[in-house]
Amino acid sequence: MEYVIEMLNIRKVFGNFVANDNITLQLKKGEIHALLGENGAGKSTLMNVLFGLYQPDGGEIRVKGQTVKISNPNVANDLGIGMVHQHFMLVDTFTVTENIILGSEPTKLGKIDIKRAEQEVRELSERYGLAVDPTAKIADISVGMQQRVEILKTLYRGADILIFDEPTAVLTPQEIQELIQIMKALVREGKSIILITHKLKEIMEVCDRVTVIRRGKGIGTLNVADTNPNELAALMVGREVHFKTEKREATPGKDVLEIKDLVVKDARGVTVVNHLDLTVRAGEIVGIAGVDGNGQSELIEAITGLIKAESGSIKLNGKEILNLPPRKITEAGVGHIPQDRHKHGLVLDFPIGENIVLQTYYQEPYSKNGILNFKNIYDKARQLIKEFDVRTPDEYTKARALSGGNQQKAIIGREVDRNPDLLIAAQPTRGLDVGAIEFIHKRLIEQRDQGKAVLLVSFELDEIMNVSDRIAVIYEGKIVAIVDPKEITEQELGLLMAGSKRKEAGVSS
Amino acid sequence: GCGQKDENNAGGNKDTFSVAMVTDVGGVDDKSFNQSAWEGLQKFGEDNGMKKGKGGYDYLQSQSDADYTTNLNKLVRSDFDLIYGIGFLMADAIGEIAEQKPKAQFAIVDSVVEKPNVASITFKEHEGSFLVGVVAGLTTKTNKIGFVGGMEIPLIEKFESGFRAGVKAVNPKATVEVQYAGAFDQADKGKAIASSMYASGIDVIYHAAGATGNGVFSEAKDLKTKDPNRELWVIGVDKDQAPEGVVKVGGKEYNVTLTSMVKRVDVAVYDVAKKTKDGQFPGGKVIEYGLPENGVGIAPTQDNIKPEVLKAVDEWKEKIIKGEVKVPKTRDEYKEFEATLK
Amino acid sequence: MSSGRLTNFLIPLLAVLLGVIVGSIVMVISGYDPIAGYSALLYGAFGDSYYIGETIRQMTPYILAGLAVAFAFRTGLFNIGVEGQLIVGWLAAVWVGVAFELPKFIHLPLAILAAAAAGALWALIPGFLKARFKVHEVIVTIMMNYIALHATNAIIRSVLSDKGYKSEEIHESASLRSEFLQSITDYSTLHYGIIIALLAAVIMWFLLEKTTKGYELRAVGFNQHASHYAGMNVSNNIVLAMVISGAFAGVAGAMEGLGTFANISVKAGFTGVGFDGIAVALLGGNNAFGIILSALLFGALKVGALEMPSSAGVPTELVDIVIALIIFFVASSYLIRLLLTRVKKEGK
Amino acid sequence: MGVFEILQIIIPSAIFFAAPLIFTALGGVFSERSGVVNIGLEGLMVIGAFTGVVFNLTFAEQFGELTPWLALLVAMIVGAVFSLLHAVASISFRADQVVSGVAINFLAIGLSLFLVKKMYGKGQTDQIQIGFDKIDIPVLSDIPIIGPLLFENGYIPSYIAIALAFVVWYVIFKTPFGLRLRSVGEHPMAADTMGINVARMRYIAVMLSGALAGIGGAVYATIISRDFSHATISGHGFMALAAMIFGKWHPLGAMGAALFFGFAQSLSIVGQTIPFLKEVPTVYLLIAPYVLTILALTGFIGRADAPKALGTPYIKGKR
Ligand SMILES: Nc1ncnc2c1ncn2[C@@H]1O[C@H](COP(=O)(O)OP(=O)(O)OP(=O)(O)O)[C@@H](O)[C@H]1O
Ligand SMILES: Nc1ncnc2c1ncn2[C@@H]1O[C@H](COP(=O)(O)OP(=O)(O)OP(=O)(O)O)[C@@H](O)[C@H]1O
Ligand SMILES: [Mg+2]
Ligand SMILES: [Mg+2]
């Protein structure tokens with residue numbers, strides 16, 4: 001058997017914490033090998049060891065049979081190992097080409113030969129079907145293209161072993177399909193791939209084998225052909241997982257959110273929400289399906305008052321809230337799980353406790369006459385930590401120290417606890433493992449069952465299909481269709497999201 | 001004689017006389033009045049066989065305005081018999097401590113403090129400035145003369161008014177361009193002002209600006225280096241600033257210092273110390289050091305001044321000493337003075 | 001948790017110790033006697049009641065300048081403009097002290113409030129420009145320092161005096177000075193300002209840690225986006241943070257104007273207190289109580305240093321070196337942490 | 001006085017005011033582009049000025065006309081070495097970079113004055129005897145109008161400063177070194193994954209800033225003050241820092257801002273002699289440079305985008 005990579009009994013310790021505990025992973029030439037595990041299981045750590053960013057505290061790495069010491073990424077590069085990181089490693093202010101050549105720039109008389117570099121990038125991108133604009137600034141291109149840049153970075157350095165760390169978490173369904181094609185093409189070219197993903201469907205679709213780890217320990221390696229999603233999920237979490245969250249039929253009540261003729265422009269003055277109409281009723285979950293960039297973010301920011309709308313009307317329980325300050329909107333009964341939890345959701349340097357009262361600190365019982373009541377604040381924090389299973393040493397721990405999933409749970413706890421009439425959830429499960437996703441979906445449905453209106457925005461079709469009672473398809477700033485999830489297939493939905501005229505079947509208003 | 005007993009010494013029944021001073025932030029090597037004062041004190045100490053340090057002669061340097069009282073107090077507490085505050089900035093601090101410590105004896109330089117145990121030492125800077133004004137007025141070829149002041153305060157106004165009077169007295173055609181840098185320690189400003197003055201045709205600049213004046217010298221020397229034949233001059237202040245003006249061009253040595261207006265703080269400090277030691281502490285009095293007392297005057301280095309100019313200087317000096325000429329010390333007095341010339 | 005607290009307390013202490021040790025190495029190398037040097041320093045700072053009075057007097061503006069810097073730090077701003085705000089505060093305090101004649105219980109508070117208002121106003125400008133135009137507060141505050149210096153000098157010359165270099169003395173009714181304090185400290189310049197400074201420290205602590213406004217200010221300091229999301233007015237809070245910081249600085253100026261000097265004179269350069277405030281705040285961990293301690297240390301160092309040249313022949317600048325070293329070591333707390341963990345491990 | 005005469009007075013002094021600021025601000029550009037805040041520029045200038053003057057005083061006999069040039073060289077080296085303190089603290093020991101910079105400022109002035117007192121037994125040095133000469137640049141100074149304005153009565157270091165801004169621009173934006181430097185300041189972890197040694201790049205950048213600020217200080221002391229004392233460098237480093245921010249962390253922008261400061265400074269001094277400005281109270285001229293800077297920042301350029309990772313120590317593996 002020919003292994004291009006063998007990581008044998010790898011151990012990595014951070015302080016007292018064992019992130020990788022004797023994990024073994026063997027990659028065959030020409031295979032796509034999945035690495036599966038919960039949030040914090042140690043996947044990224046293991047890959048960072050392979051890429052030379054961390055030094056292992058034990059174990060052995062062999063590349064093509066040779067024992068190697070990968071002391072830094074340069075060594076990994078020389079060994080033909082390339083990595084596409086979970087969080088993109090791109091310099092926003094640089095062009096695509098500059099990002100790709102960084103560290104191994106072609107020069108002419110000491111000056112970067114940018115023309116030649118652009119040419120090389122162009123050739124490479126044509127060869128592997130990775131469409132990019134070599135002269136575009138990273139800040140100006142889509143997430144999908146940024147990912148292609150990441151892949152090109154590894155190919156530019158001649159990598160034949162590629163590590164993808166959660167590449168699909170940030171992609172739209174279309175982009176995911178493109179990426180899958182790209183990976184298949186790479187393998188055909190003789191490259192080998194390690195793929196980290198939480199999406200079992202993707203593993204089933206493209207991978208040959210899968211290694212599962214749990215809490216830093218290796219659980220085993222399976223042939224994908226011999227397993228199924230349920231088994232994988234159980235291996236990973238250590239218990240049964242339900243993918244399809246159980247839910248009763250919705251019993252919608254009065255209109256809670258009524259949006260009429262809403263127009264929103266983005267920072268550059270482009271109209272991104274274009275005369276949009278939408279209604280969400282009490283006791284239902286409306287999912288907004290759409291490809292990223294069709295006005296979802298701006299729609300939510302306009303509803304929550306984070307940006308100003310140009311015109312139109314947004315009514316909450318019949319009262320106009322258009323362009324009110326965010327606080328007034330919050331007080332009117334809107335809860336918001338923001339898309340970017342680090343940017344909007346939390347003050348990372350505050351303890352969990354203080355984050356729990358981010359919108360309510362000025363109200364009783366958290367304060368009185370402008371003086372904070374820390375006892376009440378931390379009591380509430382303790383209660384929510386318990387109720388929402390936030391894994392943290394204590395309520396005084398800084399939010400920064402929590403994993404993404406637990407940060408998200410804290411935010412959801414906070415928003416739900418405020419008992420809003422309308423709960424807006426934007427990408428609530430992005431980057432989370434199946435266990436955490438299940439938990440969050442349950443909570444959203446629970447809110448619905450208590451008669452709350454829930455507006456869910458997600459790029460995950462699965463999530464939209466599973467959780468929503470109605471699906472509103474957004475395209476170029478307009479709701480182009482309202483469909484019933486039970487009466488439409490993912491394919492049909494995908495087509496609608498891509499802008500094709502809505503078709504006969506399964507469409508109700 | 002050394003270590004002599006002095007019953008009249010009001011500082012206490014010690015058998016030795018001791019004296020100390022507090023400098024402002026300039027320090028005892030500021031090439032200006034602090035340095036001069038310290039030289040006077042050192043000379044006094046040596047002449048009387050005293051040692052540097054407690055019980056002899058000493059100084060303390062202040063690092064900020066807030067240190068004046070602390071330093072003065074330190075000296076009082078070390079039982080010095082006479083304590084100088086050097087510079088007008090020290091006036092408030094002296095006044096305050098003099099009141100708290102009526103037994104201690106103080107002297108203030110460049111200011112007046114009306115307390116029975118403070119001797120105030122002032123100088124007739126306007127008289128000395130008048131003399132260098134005469135030199136400038138008779139030396140200029142362009143009839144354009146510059147004055148660079150440190151800060152626009154009454155003390156410096158004395159320099160300015162006396163200087164302008166001196167120029168006008170001997171050369172009515174000459175104009176004096178007056179400019180203040182706003183600080184005593186900003187050489188860059190001094191240099192920029194000098195640069196603009198020389199560029200506008202001024203050929204003699206008198207500075208009364210402390211370290212800001214270094215910039216004036218620096219500019220003059222640079223211009224001299226570039227064109228050794230160009231005639232441009234700086235008139236120094238407080239001490240003989242001839243050493244500051246030395247410039248070598250192609251192996252030849254020039255000096256851009258025309259002369260300096262010296263202010264003999266050393267003489268005054270020595271004098272008051274001696275009086276005090278002899279039991280004649282001039283407490284509550286204002287002692288003005290002018291031309292007759294040799295308290296102000298023209299520097300000993302006079303190589304660059306033409307003999308006939310020197311003669312004129314001597315004549316004016318006589319007139320001032322005799323009281324035939326009253327040198328203005330404010331701008332208003334200068335206006336009156338100017339009127340009398342016409 | 002508690003071992004973390006201990007570390008937080010040990011770091012400044014070790015930093016001071018290391019600073020003092022390196023300072024003595026510097027003295028030995030340059031041929032001075034470190035024992036004599038430090039003895040002189042200690043004597044000059046605490047040797048008798050007079051020196052203690054002077055040390056506390058020096059500590060007073062340090063506390064307030066430190067609070068000003070720290071308040072801004074804690075709210076995500078860097079206020080290098082404390083120096084300028086202090087100068088205008090000084091001016092305002094003296095102005096009120098000279099211009100009015102009122103009963104003490106009105107006059108003194110009025111003068112202090114005027115100083116706070118002037119400092120606040122001076123800080124309002126960078127705060128507003130940052131909130132409204134996103135202009136970097138560091139450079140605006142640097143510029144404002146120079147403007148304060150020149151403008152104050154001009155006002156002293158043209159308004160507070162007749163072309164003189166200093167104002168008149170303030171009326172007794174606006175003075176912080178106290179014959180009692182002077183008498184127990186053998187005529188030091190100690191004044192009642194220290195009480196105000198300590199009070200200010202309590203106010204800062206309370207405001208920041210205990211009130212909803214403080215919560216908002218800290219939240220905005222850490223994450224403007226999240227604060228906006230949570231319904232706080234980000235711009236107003238930035239301005240307010242700057243204004244409060246400036247008010248502390250202004251009161252620091254009042255300490256000089258109403259206490260130490262009782263007047264204001266034309267300044268050739270900065271007082272340095274505002275810049276020293278940065279060091280005070282840092283060593284104090286930007287914490288009100290810590291600032292009191294570090295102000296005491298810096299006050300003692302500054303006042304004690306004056307004794308070094310005459311008693312031990314050591315230049316006063318040695319103290320500046322020691323202060324710089326202390327700041328270095330505090331800043332490099334990572335190093336000290338590493339050392340501490342190593343010591344702990346070996347201890348086990 | 002005609003406009004031309006006035007300009008002929010203002011511009012040369014604007015340039016000599018600006019030169020030390022340009023050198024120092026360029027140093028700041030290197031450091032901050034790599035992600036290390038350098039508020040210690042003031043202290044590094046102090047060290048440069050101190051070294052330049054002491055070297056000049058000590059070796060003028062031996063080296064003659066060459067002395068000031070060698071003094072710049074030595075000041076450059078000493079500045080670079082001194083800046084190592086800032087580098088070690090803020091890169092290796094993860095110190096708050098602003099704090100470490102403040103410490104540099106305290107240490108520089110304390111140490112140099114301490115040494116001056118130790119070496120000369122007094123608080124300031126003597127005046128140096130050999131400085132840079134004023135020159136008219138051949139050929140260029142003969143160009144009508146521009147020649148007399150820009151190329152007469154200048155100092156060679158001033159022209160070097162301006163030329164250096166272009167060199168730095170080229171290095172930062174056209175060479176692999178520059179690309180790597182900027183990547184380290186924008187996204188150090190990305191740079192790390194590309195095999196770039198972040199710490200090494202930052203060390204180099206900080207030392208470059210020390211070297212250039214050292215030159216800046218020495219140029220100031222050699223051309224303008226000609227001696228060294230507590231007041232020699234008083235706020236010039238902060239002005240250079242402001243110039244760098246004003247210039248949006250761009251070498252040419254920094255140079256432009258420094259020239260602008262020089263111009264404003266020079267105008268505030270020469271203004272007192274210009275007929276229509278003469279009536280304006282001096283204080284307005286004195287504060288003009290600072291007010292103009294604030295207005296310019298507010299009006300023309302608004303927000304300046306600092307390098308993204310500026311001020312954050314890079315810790316491997318931390319997000
Ligand atoms: N540099 C670090 N120092 C200490 N703890 C760290 C560090 N980096 C990560 N952690 C710890 O890692 C855990 C979460 O890491 P992980 O990468 O698994 O989060 P995550 O769930 O993937 O979040 P996200 O999806 O936002 O990346 C947290 O417990 C956090 O404390
Ligand atoms: N730099 C670090 N310092 C300390 N602990 C760390 C560090 N990086 C990771 N960890 C710990 O190692 C564990 C594994 O983290 P890792 O990022 O490898 O998880 P992961 O499997 O990639 O999770 P995810 O699916 O969320 O990406 C984390 O839970 C965290 O506690
Ligand atoms: Mg991961
Ligand atoms: Mg993750």
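What radius of gyration would a compact globule with 348 residues have, and what does chain C have? A compact globule would be near 20 Å, and chain C has 21 Å, which agrees. That radius is taken over C-alpha atoms, and the globule rule is 2.2 Å times the number of residues to the power 0.38.

Some ground rules. This is a predicted model, where local features need pLDDT of at least 70, side-chain atom pairs count only at pLDDT 80 or more, and totals for chains, interfaces and linings use all residues. Residues are numbered from 1 along each chain as its sequence is written, chains are lettered from A and ligands numbered from 1 in the order in which they are written, and side-chain values use heavy atoms, with hydrogens and water left out.

Stay with chain C. Its C-alpha trace spans about 65 × 60 × 35 Å along the principal axes. Chain C has 16 helices and zero strands. Both are DSSP runs numbered from the N terminus: helices are H or I with at least four residues, strands are E with at least two.

Next, burial. Of the 348 residues in chain C, 63% are buried. Buried means under 20% relative accessible area, exposed means over 50%, and partly exposed is in between, with a 1.4 Å probe and protein chains only.

Look at helix α12 of chain C, residues 273-283. Ten of its eleven residues are buried, so the helix is largely enclosed by the rest of the structure. Among them are D276(C), I278(C) and L282(C). Just after α12(C), G285(C) takes a positive phi of about 65°.

Now contacts, meaning heavy atoms within 4.5 Å. Take those in chain C between residues at least 6 apart in sequence: 78% join residues at least 24 apart.

What about between chains? Five pairs of chains touch, and C and D have the most contacts among them. Chains A and B share no contact; their closest C-alpha atoms lie 39 Å apart.

Over to chain A. The domain assignment, automatic or from a database, gives three entries:

- domain 1 is 3-237
- domain 2 is 245-323 + 422-427 + 452-509
- domain 3 is 334-419

The centres of domains 1 and 3 of chain A, taken over C-alpha atoms, are 35 Å apart.

Where is it? In helix α15 of chain A, residues 434-449. Buried or exposed? At 9% relative accessibility, E438(A) counts as buried. From E438(A) to L495(A) is 57 residues in sequence and 27 Å in space, C-alpha to C-alpha.
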